[in-house]
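Hi,

Here is the structure I promised to pass on. Have a look at it first, and my notes follow below.

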Amino acid sequence: MIRVLVVDDSNSVRALLMHILGTAPGLAVVGCAADGEEALKLARELQPDVITMDLHMPRMDGFEAIRRIMRECPTRIVVVSGSDDRAEVDASFRAIEAGALVLVRRPLGIGNPAHADSARDLVRTVKAMAEVRVVRRWSDARRAARPLQGAPRRLVAVGASTGGPTVLRDILAELPADYPLPVVIVQHLAPGFMDGLATWLGEASGYPVEVLRDGAPLVGGRACLVPEGWQATLGPGLVGRLVLAPPEHGMCPSVSHLFRAIDPELRPATAAVLLTGMGKDGAAELKLLREHGALTIAQDRASAVVYGMPGEALRLDAAMLVLEPAEIGKVLARLPAEPFPSSVFPTLGDLP
């Protein structure tokens, strides 16, 4: 049984969340809190498996509560956001920085036609997060690069899921402002947060990020996020196209679709990166790209919140390099000047 602590300063919202989570099979609500101080106290006493967290509360807000909980009694935290307001979305990503795992929309009221679907989203997210490791450990674990043959890189394609936003921030922070390679990213995210993620990532990393537009040329100096509800193809001439296509691995956009839809002419000139996330999205396609001459990189186990996607890539021998986020950023930053392979990449031991 997954034990859940519900935190929200609204009596009606607490009641709604407790009803949804308390009646879901496999879940049990073990307590509720109306502010951050009470949440911290109950987190220590009850040691729940998952906490659903509001951000704007009296006495101690959600940000400070998340920081204190992750420092004093690390727990899986799901931020429940109730607004599409720009400030609320930005705040939600600051909560990810503080230590929360994922964002989810607040379920709609019982009388709303979309109530059942939104309630299922919350229940599914809480159950999924209960399987995530609580403590993230950063290490210098790495795999030595093999001698490779390949073309100079012209494109970077990245896929991420749970735990991805802060990893993307750390990777993009390593790229210089004049970085010449276009970067295209699929990040699994709850609906309504993609624009906010682009804004937050750009501000947090110092590297410009925007949402990909259909037919837009892919250029250096910025990263593009594939928008929700669309799949992306990366065609010859470095042009991004958005297509209405079914979800893959339950995701739209999906990493598998992005990697597979890179034009064959571009594949040998691609650096593809698979980051933290549940399931297998992108792993088989990362191997396909490797077989076509791409440089393929997976995040290492020690730094990944969830090792499903990169772990599957390792099982398939799809990744040439296995690195922590900052090291991934350093490798990508040096590709334009010293295309992989190069004498500077024999073991990665000389990375600054």
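**What I found**

Let me start with Asp54, which sits in the loop between strand 3 and helix 3 (62–72). Before going further, a word on conventions: this is a predicted model, so local features need pLDDT of at least 70 and side-chain atom pairs count only at pLDDT 80 or more, while totals for chains, interfaces and linings use all residues. Residues are numbered from 1 along each chain as its sequence is written, and side-chain values use heavy atoms, with hydrogens and water left out. Helices (H or I, at least four residues) and strands (E, at least two) are DSSP runs, numbered from the N terminus.

Is Asp54 buried or exposed? Its relative accessible area is 6%, so Asp54 is buried (buried means under 20% relative accessible area, exposed over 50%, partly exposed in between, with a 1.4 Å probe and protein chains only). Ignoring neighbours within four places in sequence, Asp54 is in contact with Val7, Asp8, Asp9, Gly62 and Val80 (contact means heavy atoms within 4.5 Å).

Five strands make up an open, parallel sheet in the order 2-1-3-4-5. Strand 2 (27–33) and strand 5 (102–105) are the edges, each pairing on one side only. On average, neighbouring strands of this sheet are turned by 25° against each other, direction ignored. Two strands pair if DSSP finds at least two bridges between them; strand 4 (residues 76–81) and strand 5 have four, in the parallel sense. In that pairing, Ser81 stands opposite Arg105 of strand 5.

Helix 5 (residues 115–129) packs on the sheet and touches strands 1, 2, 3, 4 and 5, its direction making about 165° with that of strand 5. For these angles, axes are lines fitted to C-alpha atoms, for helices over the stretch in contact, and angles run from 0 to 180 degrees between N-to-C directions. Helix 2 (residues 36–46) lies across strand 1 (2–7), strand 2 and strand 3 (50–53), and runs at about 140° to strand 2.

At the start of helix 2, a side-chain oxygen of Asp35 comes to within 3.0 Å of the backbone nitrogen of Glu37. After helix 2 comes Gln47, with a positive phi near 45°.

Pro113, in the loop between strand 5 and helix 5, is exposed, with a relative accessible area of 85%. Pro113 and Leu103 are ten residues apart in sequence, and their C-alpha atoms are 22 Å apart in space.

**The aromatic cluster**

How many aromatic pairs does the structure hold? There are two (rings of Phe, Tyr and Trp, its six-membered ring, pair if their centres lie within 6.5 Å; planes under 30 degrees apart count as stacked, over 60 as edge-to-face and the rest as tilted). The ring centres of Phe93 and Phe193 are 6.1 Å apart with planes at 90°, so this pair is edge-to-face. The pair links distant parts of the chain, 100 residues apart: Phe93 is in helix 4 (residues 86–98), and Phe193 is in the loop between strand 7 (183–187) and helix 7 (194–205). Both Phe93 and Phe193 are buried. Phe93 also forms a stacked pair with Trp200, at 5.8 Å centre to centre and 20° between the planes. Here Phe93 in helix 4 is linked to Trp200 in helix 7, 107 residues apart. Trp200 has 5% relative accessibility, so Trp200 counts as buried too. Phe93, Phe193 and Trp200 form one aromatic cluster.

**Further along the chain**

Gly282 lies in the loop between strand 12 (270–274) and helix 9 (283–291), and counts as buried because its relative accessibility is 0%. Gly282 and Ser254 are 28 residues apart along the chain, with their C-alpha atoms separated by 7.5 Å.

Strand 12 and strand 13 run parallel, joined by four bridges, and Val273 stands opposite Ile297 in strand 13. Five of the five residues of strand 13 (residues 295–299) are buried.

Cheers

How values were computed:
Polar contact = N/O pair within 3.5 Å; in protein donor to acceptor, adjacent residues only side chain to side chain.
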